[in-house]
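Let's take a friendly walk through a protein model together. Please have a look at the sequence and the 3D view before reading on.

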Amino acid sequence: MGSRLYDLADPEGKGRALDDGRNAFDHFPRKLLTLKGTFKTSTGQKLAKERHNRVLEFYRGMLAEVQG
C-alpha cells in the first residue's frame, strides 16, 4: 500500500494532522479509538469498552517501543 508504520518525527501525531493513509499508527486515534462511543445497546457498549481498552493498551505499547 506504500504507507509506513508511523511518522519518525511524531509517531502520535501530536504536531501534525493524522493521516492513516500514510501512517498506520494514525489509524488508532483517527478511527479505532473512536468506535467505543458509537455502540447503542448496553451489551454492545460493554463489549466496545473492553475492546477499546485492549486496543488502547496495544497502541500505547507500540508507541512506547518506538519512542523508547
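What follows is a short tour of the nonpolar core, the salt bridges and one arginine.

Keep in mind that this is a predicted model. The largest nonpolar core has 6 residues: Phe 25, Phe 28, Leu 33, Leu 56, Tyr 59 and Leu 63. Helix H2, which covers residues 42–67, gives the most to this core, with 3 residues.

Now for the charges. Side chains of opposite charge can pair when their charged atoms come close. The structure holds 5 salt bridges, and the table shows some of them.

| Salt bridge | Closest N and O atoms |
|---|---|
| Arg 4 with Asp 7 | 3.4 Å |
| Asp 7 with Arg 16 | 3.5 Å |
| Lys 14 with Glu 12 | 3.7 Å |

Arg 4, Asp 7, Arg 16 and Asp 26 are linked in a network of salt bridges. Within it, Asp 7 counts as buried because its relative accessible area of 12% is under 20%. Arg 4, by contrast, is partly exposed at 35%. In the pair outside this list, Lys 14 is exposed at 69% relative accessibility, while Glu 12 is partly exposed at 26%.

Finally, where does Arg 22 sit? Arg 22 lies in the segment before helix H1 (27–30), and is partly exposed, with a relative accessible area of 48%. Leaving aside neighbours within four places in sequence, Arg 22 is in contact with Ser 3 and Arg 4.

Technical notes. Residues are numbered from 1 along each chain as its sequence is written. This is a predicted model: local features need pLDDT of at least 70, side-chain atom pairs count only at pLDDT 80 or more; totals for chains, interfaces and linings use all residues. Side-chain values use heavy atoms; hydrogens and water are left out. A nonpolar core is a set of buried Ala, Val, Leu, Ile, Met, Phe, Trp, Tyr and Cys residues joined through side-chain atoms within 4.5 Å. Buried means under 20% relative accessible area, exposed over 50%, partly exposed in between (1.4 Å probe, protein chains only). Helices (H or I, at least four residues) and strands (E, at least two) are DSSP runs, numbered from the N terminus. Contact means heavy atoms within 4.5 Å. A salt bridge is a side-chain nitrogen of Lys or Arg within 4 Å of a carboxyl oxygen of Asp or Glu.
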